[in-house]
Amino acid sequence: MMCAYRMGCNFYDTAIPEEYGDAEYKLGVFAEKAGRENIIISDKARFMDGNDMFREVMRSAENLGTDPDIYFVHQVDEDNQDETFSRYGALDALCDLKKAGVIKYTGIATHYYSVAERSARDDRVDVIQTSGNIMERGIIDRIAEKDIFKSKGLILNKVYAAGCLLNVFSPAELIGGILHWPFSCALLGIGTIEQADAAMKEDYTPVQFSFEEVMRRLSEHFSPVGCTRCQRCLCPKGYEVHIMLRQYNYYHLGKHYWARKKLRLNIEEVYESCMKCTERQCMKDCPRKLRIPELIEMIHDFVTR
Ligand code: SF4
Ligand code: SF4
């Protein structure tokens with residue numbers, strides 16, 4: 001953290017101990033050494049009820065030894081969003097804490113475009129944290145198209161796709177490649193001094209990678225599925241096609257154990273449903289015209305072979 005700070009990093013993101021282990025304690029020690037006023041701290045907790053969130057923010061402040069600047073409701077998804085946004089839900093608690101001066105900004109962290117859009121329409125939300133990179137650009141493309149996001153702070157994570165895109169692209173390409181999207185800040189996982197060097201040393205210039213170019217580069221290593229993860233493929237049965245297609249690409253980018261394990265969780269059920277499905281609603285809105293049931297069949301054969 002100190003190495004990155006000396007190279008110009010002034011934004012540090014963490015989460016409660018149940019989610020990120022001892023990160024809050026370490027960040028607190030670092031904040032004192034760097035000078036609290038010199039850095040911005042964002043923190044997060046996966047609690048959707050207001051009382052729980054209130055308690056967690058106070059606990060985070062104690063763990064950090066200082067008040068966080070931004071606090072996110074973490075991993076808001078399509079199932080828990082109603083509770084998060086409801087009266088006396090987690091977002092209301094963050095607003096109260098902001099009024100009381102404990103935090104400066106309220107936030108929603110999500111991997112779902114629908115939740116990001118709901119956050120953008122809600123005056124209580126100051127900052128939205130979501131994920132994207134030159135391969136998984138569907139959500140960030142949609143955000144860039146809509147004016148409602150312009151009044152929010154936008155923070156991007158997964159720029160390296162949990163590290164696996166580094167097997168094909170350089171940090172300069174991955175960082176330069178996201179600079180033209182309208183984000184206030186990008187979060188990069190940095191675990192070593194070499195990684196801090198790679199992330200912070202250069203004055204990165206924006207690079208415009210077309211999606212076709214990204215696919216072409218990936219094709220030198222495996223046959224990627226050309227899904228941008230835009231999340232337009234809505235399935236009436238609730239299957240999250242974009243996650244399955246992502247796991248397939250992640251597997252081939254080196255996340256073997258993790259991706260295969262996730263794919264195995266419900267591939268049989270999804271495959272059987274897709275083979276019987278006649279409506280194929282998911283394909284109707286796919287801008288890339290992907291033949292989703294065939295891809296699910298291919299992934300099923302791959303996982304079960
Ligand atoms: S399958 Fe198509 S609609 Fe679904 S996330 Fe991928 S690109 Fe978007
Ligand atoms: S083919 Fe049918 S069951 Fe399969 S994901 Fe698409 S809509 Fe859902």
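Is Phe30 buried or exposed? At 5% relative accessibility, Phe30 counts as buried, where buried means under 20% relative accessible area, exposed over 50% and partly exposed in between, with a 1.4 Å probe and protein chains only. The model is predicted, so local features need pLDDT of at least 70 and side-chain atom pairs count only at pLDDT 80 or more, whereas totals for chains, interfaces and linings use all residues. Residues are numbered from 1 along each chain as its sequence is written, ligands are numbered from 1 in the order in which they are written, and side-chain values use heavy atoms, with hydrogens and water left out.

**Aromatic pairs**

- The count comes to seven aromatic pairs, a pair being rings of Phe, Tyr and Trp (its six-membered ring) with centres within 6.5 Å; planes under 30 degrees apart count as stacked, over 60 as edge-to-face and the rest as tilted.
- The ring centres of Tyr5 and Phe30 lie 6.0 Å apart with the planes at 75 degrees, so this pair is edge-to-face.
- Tyr5 belongs to helix H1 (residues 2-6) and Phe30 to helix H3 (residues 23-34), so the pair ties together parts that are 25 residues apart in sequence; helices (H or I, at least four residues) and strands (E, at least two) are DSSP runs numbered from the N terminus.
- Tyr5, at 23% relative accessibility, counts as partly exposed.
- Tyr12 and Phe30 form a tilted pair, 4.7 Å centre to centre with 55 degrees between the planes.
- Because Tyr12 lies in strand S1 (residues 11-13) and Phe30 in helix H3, their pair ties together parts that are 18 residues apart in sequence.
- Tyr12 counts as buried at 8% relative accessibility, and Tyr5, Tyr12 and Phe30 form one aromatic cluster.

**Nonpolar cores**

- The largest nonpolar core has 79 residues, and those with the most contacts inside it are Met53, Leu165, Phe169 and Leu218; such a core is a set of buried Ala, Val, Leu, Ile, Met, Phe, Trp, Tyr and Cys residues joined through side-chain atoms within 4.5 Å.
- Helix H12 (residues 241-252) gives the largest share of this core, seven residues.
- Domain 1 (2-212) and domain 2 (225-304) both contribute residues to this core, so it lies between them; the domain bounds come from an automatic or database domain assignment.
- A second, separate core of eleven residues includes Cys9, Tyr12, Ala31 and Leu64.

- The residues around ligand 2 (one heavy atom within 4 Å) are Cys235, Pro236, Val241, Cys274, Cys277, Gln281, Cys282 and Pro293.
- This shell divides into seven nonpolar residues, one polar and no charged; Ala, Val, Leu, Ile, Met, Phe, Trp, Tyr, Cys and Pro count as nonpolar, Asp, Glu, Lys and Arg as charged, and the others, Gly among them, as polar.
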